[in-house]
Amino acid sequence: MNKNKEQLLNKRYKAEKRFRLYGQSAIFMALLFLTIFIFKIFSTGYSAFQKTWLIVPVTFDAELMMLEQNPSKEDLKDADYYDIALKSMADLDPNANEDQENELKRMVSYFFEREIKRELLNDPSLIGKTKDVYLTASDDLDQVFKGNYPRDLPEDQRRVTDYQLKIFDQLVELGKVESKFNLSFFTYPDSREAELAGIASSFMGSIFSILVCLMIAFPVAVLAAIYLEEFAPKNRFTDFIEVNINNLAAVPSIVFGLLGLGILLAVFQLPRSTPLVGGITLSLMTLPTIIIACRASLKAVPPSIREAALAMGASKMQTTMHHTVPLSMPGTLSGTIIGLAQALGETAPLILIGMVAFVNTIPGSPLDPAASLPVQIYIWAESAERGFVEKVSACIMVLLGFLIIMNLFAQIIRHKFEKKWS
Amino acid sequence: MNLILFTFIVLLGFTSYYFGRRKAYTIQSTNKRLTALPQFYGYYLAIWCAIPAFIIFSLWAIFEPTIVKLLILSDYSNQGYLDDELNLIYEKTKALSRGQFTGEITPFIEASAEKYLSLRSIAQSSKAVIVLSIIIASVAYAYKKISSNSKTREPVEKFFKAVLFTASLAAILTTVGIVFSLIFQTIDFFKVIPLFDFVFGTHWYPAKAFVRDSSEALDPTMYSDTFGAVPIFAGTFFIAFIAMCVAIPIGLMSGIYLAEYASVKVRQYAKPLIEILAGIPTVVYGFFAALTVGPFLKEIGNSMGLDVSAESALAAGGVMGIMIIPFISSLSDDVITSVPQSLRDGSYAMGATKSETIKKVIFPAALPGIVGSILLGVSRAIGETMIVVMASGLAANLTLNPLESTSTITAQIVVILIGDQAFGDPKTQAAFALGMSLFLVTLCLNIVALRVVKKYREKYE
């Protein structure tokens, strides 16, 4: 009998251990996913912050550029750079035939003409001389240099030809290929060519959308929260508003996209693809988040504060505006930032209102067509070119960086400025 | 022009605030008692200055285009034009007056354009004059009215309260907006496609609707077998099911562990780390699923001799499950921690081990809250868009094989509406009908879940 009891007890203890282990492994699994995730993004993305340049000697031949003697600055701007650009690429292999010259030209980006022009405009005395100029390598060669390109594929299955690889390897041996920090990733707008694509346009689109969202959602949400928490009578209508808010917080984001499309674009005729419409759509989504955060922090202000103000003869409105609301601001602000961080990562509603259009200019106002960072991720992820894979990861890194900063900021505001009532 | 007028109204508002307050100070200096603080006199005047002006301003903005259009088209009224033609004439007139007109300019339209421009300039200047005179009249009236014993605080506070109330209506307006944006397109859709075909049809092939020439009349029989949503609904619930298979065990167990076992230190670090998973944008999960998980599953499947699609339901559902883990874990963590300690103590006193207490006492007590959190997770899984768009297929297969590709409501909405949409096309309307069904399903789930959680909270508070 005693032995039986002991067995039973052992069994129960084992069950206890097992259960604990399940819990631990669940946590472990969740954290493992997170780690794999972050690792994967970083390992594919970090290389996008480097860009491969070919160093090509360029002879600034005045005759080829159609320049007269002693050209002015204007003449230099209007000069023809295409021929010298073409010639300097062709000169990499003196024995090249016409097809091969074409292939040589495709080793660099189609910006090569502009890069050469910039060099001369910086230093007009170069005319007639030869200088090594840094030219952006094509995205495929960029990938070759970074070691991401399957060189052993049969030639007809890759976009880089054997001939290009041969010349490229010669250049590498001569030290004429260099990898430098990819500044253009941050300063260029989107492009169809992976080596020239940057996040500047989508970044500005995101900023404008978030600003519009903040300017609409924050005041409306705070005012609504003040009303509901401090003034609203307890009745059916107030309950109805509350049910609405809680429900809106859980409505799928794509439904807000349909709202933007069906009301903002179709009925109010606002311009498509613009951060203005995107921001309004996002603000409707963020509204419940901020209202809930603001109400929670209004609730956390102890009644004694209100009673003290009322006892001093302040009206209800004065009590609320002068005492309760300022004391609740840290909580409200951190809730707002978290809501904005969510809005910043939102993609589906923006796709529906057309912010997925290809935009190769940097938007200057909320009324210009634009993409946003998450939409840029989507656009690039759908592109077939190999060069875009690392761009997507790098864009994700930038986006995650912003989200982390915003969340940290929210934490700091909460911990530093929030009063602890005890 | 509007912007200048707007700024002007705002500036005048500030000035009248200043004047109101100064008048209050003057009254005070004559040793009379004020009934409110001086700034309330300022607010009072500022409100009187700005609000009537803004009302006129916005009414003008709403009615001006209609009136101008009526006036322009009155020239053509007895020439027997149809409504559509008149609209076209008006559009041409507007385009010409903006200098964006391409095409042949007839003298008629040129005349109308000139008339349009002059009408617009008359309208603009009369608007400015009327708004300004309204401001002057109302400010003068209010300025005269305020005296030592006039009430200023009450109306000002009433006004502020009305503003607060209006703001709180935003939530209702958003819901109404959602319903309105969905319902009209949905009704139009069901005029062409019978409801029965939509709910019970098994072929979803909206691309077919594209082939139609827009000049042809709508022929409903063309669309039979095009908009049967069963594969879409099935795919949606199937992917959500896979997601929940991943999210429920992991989320629930980590919630239990964090609430009952974890030391303060582990909890302090593990909880925010898990919640990072909820903060990652879904498009990032989508990229991860499409780039890493999909090919990985395909490779494993191929090595086992299985035919796995690179865009399998399993990849999308599994990654979606990872995304939902933190929702379930933190909600069930909250629910479990709010179970009263007395229940635990009672169970321990009877000799139960910790796991027995959790399984037999705490879990049943927390069950309603946990069910609520799972329902919220399901609602999120059904409404999730980007992961499915990027990682699962876009062709609607009716299948229960997790290794094949399926499509969901959200993915189809995106597929249909990406790029240019033609309103009035059954294909576009189909997206809204799908949106409507998505909204209704998630609405039911949310309301049930929120009610369950609320009931549960009330039980222990």
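A residue counts as buried if 20 or more other C-beta atoms lie within 10 Å of its own, as exposed if 12 or fewer do, and as partly exposed in between. The exercises below apply this cut-off and other descriptions to a predicted model.

**Exercise 1. Decide whether A:Ser273 and A:Gln269 are buried or exposed, and describe their backbone.**

Step two is to apply the cut-off. A:Ser273 has 21 other C-beta atoms within 10 Å and is therefore buried, whereas A:Gln269 has 8 other C-beta atoms within 10 Å, so A:Gln269 is exposed.

Step three concerns the backbone. Most residues other than glycine have a negative phi. Against that background, A:Gln269 has a positive phi of about 60° although it is not a glycine, and A:Ser273, also not a glycine, has a positive phi of about 60°.

**Exercise 2. Find where A:Glu16 sits and which residues it is in contact with.**

Begin with the element: A:Glu16 has its place in helix α1 of chain A.

Next, set aside the neighbours within four places in sequence; A:Glu16 is then in contact with B:Thr353, B:Lys354 and B:Ser355. As for A:Gln157, it is 141 residues from A:Glu16 in sequence, and the two are 58 Å apart in space, taken from C-alpha to C-alpha.

**Exercise 3. Describe how chain A is in contact with chain B.**

The contact brings together 64 residues of chain A and 68 residues of chain B. On the side of chain A that touches chain B, the largest share comes from helix α1 (residues 2-45) of chain A, with 17 residues. By class, that side of chain A divides into 49 nonpolar, eleven polar and four charged residues.

**Exercise 4. Identify the members of the largest nonpolar core that touch the most other members.**

The largest nonpolar core has 186 residues, and those touching the most other members are A:Ala221, A:Ala224, A:Ile377, B:Ala289 and B:Val319. To follow one of them, take A:Ile377: leaving out residues up to four places away in sequence, A:Ile377 touches A:Val392, A:Cys395 and A:Ile396 as well as B:Val283, B:Val284 and B:Phe287. A second, separate core has 28 residues, among them A:Val56, A:Val133, A:Leu135 and A:Ile167.

**Exercise 5. State how each chain is divided into domains, and how far apart the domain centres are.**

Chain A is divided into domain 1 (47-182) and domain 2 (200-417), and their centres, taken over C-alpha atoms, are separated by 46 Å. The contact between these domains takes eight residues from domain 1 of chain A and seven residues from domain 2 of chain A; on the domain 1 side, the residues divide into three nonpolar, two polar and three charged.

Chain B is divided into domain 1 (2-150) and domain 2 (230-460), and 52 Å separate the centres of these two domains of chain B, again over C-alpha atoms.

**Exercise 6. Characterise the crossing of helices α8 and α11 of chain B.**

The axes of helix α8 (residues 230-261) of chain B and helix α11 (residues 313-337) of chain B come within 5 Å and cross at roughly 35°. The crossing of α8(B) with α11(B) is right-handed, and their contact has 23 nonpolar, nine polar and two charged residues.

Definitions and conventions
Residues are numbered from 1 along each chain as its sequence is written. Chains are lettered from A and ligands numbered from 1 in the order in which they are written. This is a predicted model: local features need pLDDT of at least 70, side-chain atom pairs count only at pLDDT 80 or more; totals for chains, interfaces and linings use all residues. Domain bounds come from an automatic or database domain assignment. Two residues are in contact if their C-beta atoms, placed from the backbone, lie within 7 Å. Ala, Val, Leu, Ile, Met, Phe, Trp, Tyr, Cys and Pro count as nonpolar, Asp, Glu, Lys and Arg as charged, and the others, Gly among them, as polar. Axes are lines fitted to C-alpha atoms, for helices over the stretch in contact, and angles run from 0 to 180 degrees between N-to-C directions. Helices (H or I, at least four residues) and strands (E, at least two) are DSSP runs, numbered from the N terminus. A crossing is left-handed if the near helix is turned anticlockwise from the far one by less than a right angle, and right-handed if clockwise. A nonpolar core is a set of buried Ala, Val, Leu, Ile, Met, Phe, Trp, Tyr and Cys residues joined through C-beta atoms within 7 Å.
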